[in-house]
Amino acid sequence: MVSSTSEIFQPLFDLFVWLGILVGVVVIAIFLIVIFKYRDRGSKTPEPEDTPILGKVPEERGHPRSVVISLALSIVILTFLLNGTFAVIDTLNTPPSGTLNVQVNGFQWGWKFVYPNNYEDTVLRVPKDETVILKIVSNDVAHSFGVLEYKTKMDALPGRTNTIWFIPKDTGEYNIVCFEFCGVGHAYMKTKLIVMDPAEFQDWYSKVKPAEAEHPVQGASRP
Ligand SMILES: [Cu+2]
């Protein structure tokens, strides 16, 4: 797993997928059995007595037991899914004390990352194995900041600060994209998350200064 968030979300995703497959297999199996069992065999078998007739209110019919069983099963399955989801939401809502706080600015069309020393960049560099807390805002319209491989994203809205956090578990480059259609440049609103070895990161971070921005931010200051 490449990050704490993918570790959190993968089991939940698996739970949803496997329960979905199980329910799908059962439903399709019953469907096929019923199609075969009650197929038209010509006029040899008479219509059941309780067959509905157009224009006539049917007498009491059906099987209350199967309603109770399917309702009970649905409640059990949904309880599992709800429990799993709320547990994940709880974890995500309580960030541990962070090592690195970065402000994320979404704008039409790009991302700007502001570090605690006011250094600004268009790619996000973070150290491996340390808690990264992102404060996400927007300069103009609604965007959504997300890291594909980390299975995490958060709305970037004007006038509001949203928080997400993660612990990168592997060094490397990952893909940051905008998940909210925000105008003609939406598709180009992508950049990289670069996870560095902690020592390398400290070395890099101690050298950058606000004036020496490696990637000058374009379009960040709009009229
Ligand atoms: Cu956007």
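In strand E7, which covers residues 152–156, the residue Lys-153 is the bridge partner of Gly-146, where strands are DSSP runs of at least two residues marked E, numbered from the N terminus together with the helices, which are H or I runs of at least four residues. The model is a predicted one, in which local features need pLDDT of at least 70 and side-chain atom pairs count only at pLDDT 80 or more, while totals for chains, interfaces and linings use all residues. Residues are numbered from 1 along each chain as its sequence is written.

Gly-146 belongs to strand E6, and E6 pairs with E7 in the antiparallel sense over five bridges, two strands being called paired if DSSP finds at least two bridges between them. Strands of a sheet pair through backbone hydrogen bonds, either parallel or antiparallel. E6 and E7 form a hairpin with four residues between them, and in this turn Lys-151 has a positive phi of about 55 degrees. E6 also runs antiparallel to strand E9 (residues 172–178), to which three bridges join it; here Phe-145 has Cys-178 of E9 as its bridge partner.

A residue counts as buried if 20 or more other C-beta atoms, placed from the backbone, lie within 10 Å of its own, as exposed if 12 or fewer do, and as partly exposed in between.

Not counting residues up to four places away in sequence, Ile-136 touches Val-104, Phe-145, Met-154, Ala-156, Thr-161, Asn-162 and Ile-164, where two residues are in contact if their C-beta atoms, placed from the backbone, lie within 7 Å.

E5 also takes part in an open sheet of five strands, which has the order E3-E2-E1-E5-E8 and mixed pairing. The edge strands of this sheet are E3 (120–121) and E8, each of which pairs on one side only. E5 and E8 pair in the antiparallel sense over five bridges, and Val-132 has Phe-166 of E8 as its bridge partner.

Seen as a whole, the protein chain has three helices and ten strands. Its radius of gyration, taken over C-alpha atoms, is 27 Å, well over the 17 Å that the globule rule (2.2 Å times the number of residues to the power 0.38) gives for 223 residues, so the chain is more spread out than a compact globule. The C-alpha trace spans about 90 × 40 × 30 Å along its principal axes. An automatic or database domain assignment divides the chain into domain 1 (4–93) and domain 2 (100–212). The contact between them takes four residues from domain 1 and seven residues from domain 2, although 42 Å separate the centres of the two domains, taken over C-alpha atoms.
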